[in-house]
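Open the model in your viewer and keep the sequence panel beside it.

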Amino acid sequence: MTLGVMLVDDQSFLRLGLRMVLEPEPGIEVVGEADDGSTAVPMATALRPDVVLMDVRMHTTDGITATRRVLAASPSTRVLILTTFDLDEYVFAGLRAGASGFLLKDAPPDVLITAIRTVAAGDAVLAPSVTRRLLERFGSVLPGAGGARRREEVMNALTEREREVFLLLAAGRSNSEIASGLHLSEGTVKVHVGHVLAKLGLRDRVQAVVLAYEAGVVVPGSHELS
């Protein structure tokens with residue numbers, strides 16, 4: 001099956017570079033380009049791409065707003081935010097808007113291609129260490145009021161085993177690390193992760209980590225679980 005990818009960036013040279021990387025790749029087709037979020041939304045609605053590579057700062061409609069609107073119009077589409085480290089605060093907003101992860105704009109071609117395939121398959125592309133570092137950096141902007149109540153609400157929705165998986169997932173652990181820590185097979189962990197996401201109404205493990213910080217399951221600025 002060919003994956004349709006849409007490019008959204010106000011820099012034509014960057015879009016050209018992305019196209020040159022993606023077009024020779026078997027099973028990936030660039031189906032459209034937009035130079036602003038305002039044009040990206042109707043284009044994505046019409047084309048229904050599997051993955052959108054989304055810039056953050058654009059002239060008229062920013063990538064965060066565009067991400068939210070694209071996903072509302074085409075829920076099956078996945079969005080990858082393209083950014084640099086000095087735009088981490090925008091990345092977090094993008095994740096909250098429903099993006100499935102982020103890539104640095106200077107990511108190597110093989111990383112970009114793997115990320116597209118991973119996201120299209122329904123997973124996220126944030127490496128556990130990057131997830132922790134990213135969330136710690138702007139932990140101060142996360143809501144603190146009502147955290148205890150929200151934490152109880154989240155945890156009560158899960159079984160005891162699912163809570164254990166969620167806590168490790170929230171700490172940025174990979175499936176293999178969770179499996180090792182709980183003495184389970186990776187297949188069993190994958191099933192539990194699926195149940196956790198379904199019960200909490202989350203798209204992927206990235207949103208699970210974001211929820212964990214917002215609910216006070218993970219303490220901002222540390223790797224400790226509360």
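Predicted model: local features only at pLDDT ≥ 70, side-chain atom pairs only at ≥ 80, totals over all residues.

Which residues does Ala-73 contact, leaving aside its neighbours within four places in sequence? Show Thr-45 and Arg-48: Ala-73 is in contact with both. Now draw a C-alpha to C-alpha distance from Ala-73 to Arg-48. The two are 25 residues apart in sequence, and the distance in space is 9.0 Å.

Is Ala-73 buried, partly exposed or exposed? Its relative accessibility is 25%, so Ala-73 counts as partly exposed; buried would mean under 20%.

Next, select residues 63–73. This is helix α3, and Ala-73 belongs to it. Colour the buried residues of α3: Gly-63, Ile-64, Thr-65, Ala-66, Thr-67, Val-70 and Leu-71.

Now colour the whole chain by pLDDT. The mean for the protein chain is 82. Of its residues, 82% reach 70 or more. Which element has the highest mean pLDDT, and which the lowest? Select residues 3–8: strand β1 has the highest, at 96. Then select residues 128–137: helix α6 has the lowest, at 55.

Two more stops remain. Select residues 141–145, where the pLDDT is below 50. Beyond near neighbours in sequence, this stretch has 6 contacts in the model. Finish at residues 221–226. Here too the pLDDT is below 50, and the stretch has 17 contacts in the model beyond near neighbours in sequence.

Terms used. Residues numbered from 1 in each chain as written. Heavy atoms only, no water. Helix = DSSP H or I, 4+ residues; strand = E, 2+ residues; numbered from the N terminus. Buried < 20%, exposed > 50% of the residue type's maximum accessible area, 1.4 Å probe, protein only. Contact = heavy atoms within 4.5 Å. pLDDT = per-residue confidence, 0-100.
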